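Here is a short tour for a first look. Keep the sequence and the 3D view at hand while reading.

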Amino acid sequence: MAGAVLDGQTDAVLDLWYGYVGGNEHLLHYFTKGGQPNMDYLGAVRARFGQWILDLCNRSYDQDWLNYQHEIALRHHSTKKNQTDGVDTVPIIHARYLVAFIYPITATIKGFWAKGQAPTKWTPCTMLGSRPDPDDFALVPALF
Ligand code: HEM
């Protein structure tokens, strides 16, 4: 149901969410090398993010889903960041920004749902890595 509502709106959602990243130097930083944003990287990640929005709405929350989320978590971490796109930008996204980003995406998605039949709620769920450093984990939300 949420997928049907958001299908066709993912570009608008991404314009908003990417606006937060592009409009804040401390977030854009994570797409840069030597202070220069990698525009190809931004574009490639945007496409995968769009797919994830639809997957989030349409797929079953089974072990495959959890594995997919764990993979995304690793891609925010030095374990796998940059590898998918073969780029050489900064190596890790610090956990404090991952946590903080839950709020804008949670608050703003509701405006898009309002254009159709909304799901019941949006609940953040954490995908924690196994390391003790608080900057050394990543997190993704899921829709229930
Ligand atoms: C609740 C918070 C967040 C969620 C749910 C989220 C979700 C995602 C998703 C779905 C992808 C695409 C994964 C793929 O299929 O490859 C992605 C990649 C990425 N995100 Fe996030 N993200 C979050 C926070 C952030 C923040 C705060 C930043 C900082 C600017 C960020 C920067 C990136 C980068 C750089 C990539 C590409 C990683 C790579 O090299 O593969 N994300 N994110």
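## The chain as a whole

Contacts between residues 24 or more positions apart make up 62% of the chain's contacts with a separation of 6 or more. The model is predicted. Its chain has 144 residues, and 8% of them count as buried.

Six helices and four strands make up the list of elements. Read from the N terminus, their order is α-α-α-β-β-α-α-α-β-β.

## Helix 2 against helix 6

Two packed helices are described by the angle between their axes and the distance between the axes. Take helix 2, residues 10-22, and helix 6, residues 95-113. They pack at an angle of about 155 degrees, and their axes are 11 Å apart. Angles over 145 degrees count as roughly antiparallel, so helix 2 is roughly antiparallel to helix 6. The crossing of this pair is right-handed.

Which residues of helix 2 and helix 6 make the contact? Helix 2 brings V13, L16, W17 and Y20. Helix 6 brings P104, I105, T108, I109 and F112. By class, the contact of helix 2 with helix 6 has eight nonpolar residues and one polar residue. Charged residues are absent from it.

## Helix 2 against helix 4

Helix 2 also packs with helix 4. Here the angle is about 120 degrees, with the axes 10 Å apart. That angle makes helix 2 oblique to helix 4. The crossing of helix 2 and helix 4 is right-handed.

On the helix 2 side, the contact uses T10, V13, L14 and Y18. On the helix 4 side, it uses R46, F49, G50, I53 and L54. Sorted by class, the contact of helix 2 with helix 4 holds six nonpolar, two polar and one charged residues. V13 of helix 2 takes part here, and V13 is also listed in the contact with helix 6.

## Around the ligand

How many residues surround the ligand? The count is 23. The closest are Y30, R48, W52, R75 and F101.

Helix 4 (39-58), helix 5 (63-75), helix 6 and strand 4 (140-143) each supply at least two of its residues. The largest share, five residues, comes from helix 6. By class, the shell around the ligand divides into 16 nonpolar, three polar and four charged residues.

## Two single residues

Is A73 buried or exposed? A73 is in helix 5. It has 20 C-beta neighbours inside 10 Å. A residue is buried if 20 or more other C-beta atoms lie within 10 Å of its own, so A73 counts as buried. A73 and L98 are 25 residues apart along the chain. Their C-alpha atoms are separated by 9.9 Å.

N82 is a backbone case. It lies in the loop between helix 5 and helix 6. Its phi is positive, at about 80 degrees, although N82 is not a glycine. Within 10 Å, N82 has 17 other C-beta atoms, so it is partly exposed.

## Recap

Helix 2 packs with helix 6 at about 155 degrees and with helix 4 at about 120 degrees. Both helix 4 and helix 6 also supply residues of the shell around the ligand. A73 of helix 5 is buried, whereas N82 is partly exposed.

Key:
Residues numbered from 1 in each chain as written. Predicted model: local features only at pLDDT ≥ 70, side-chain atom pairs only at ≥ 80, totals over all residues. Axes fitted to C-alpha atoms, helices over the stretch in contact; angles between N-to-C directions. Parallel < 35°, antiparallel > 145°, perpendicular 65-115°, else oblique. Left-handed = near helix turned anticlockwise from the far one by under 90°. Contact = placed C-beta atoms within 7 Å. Nonpolar A, V, L, I, M, F, W, Y, C, P; charged D, E, K, R; others polar. Near = placed C-beta within 6 Å. Buried ≥ 20, exposed ≤ 12 C-beta atoms within 10 Å, placed from the backbone.
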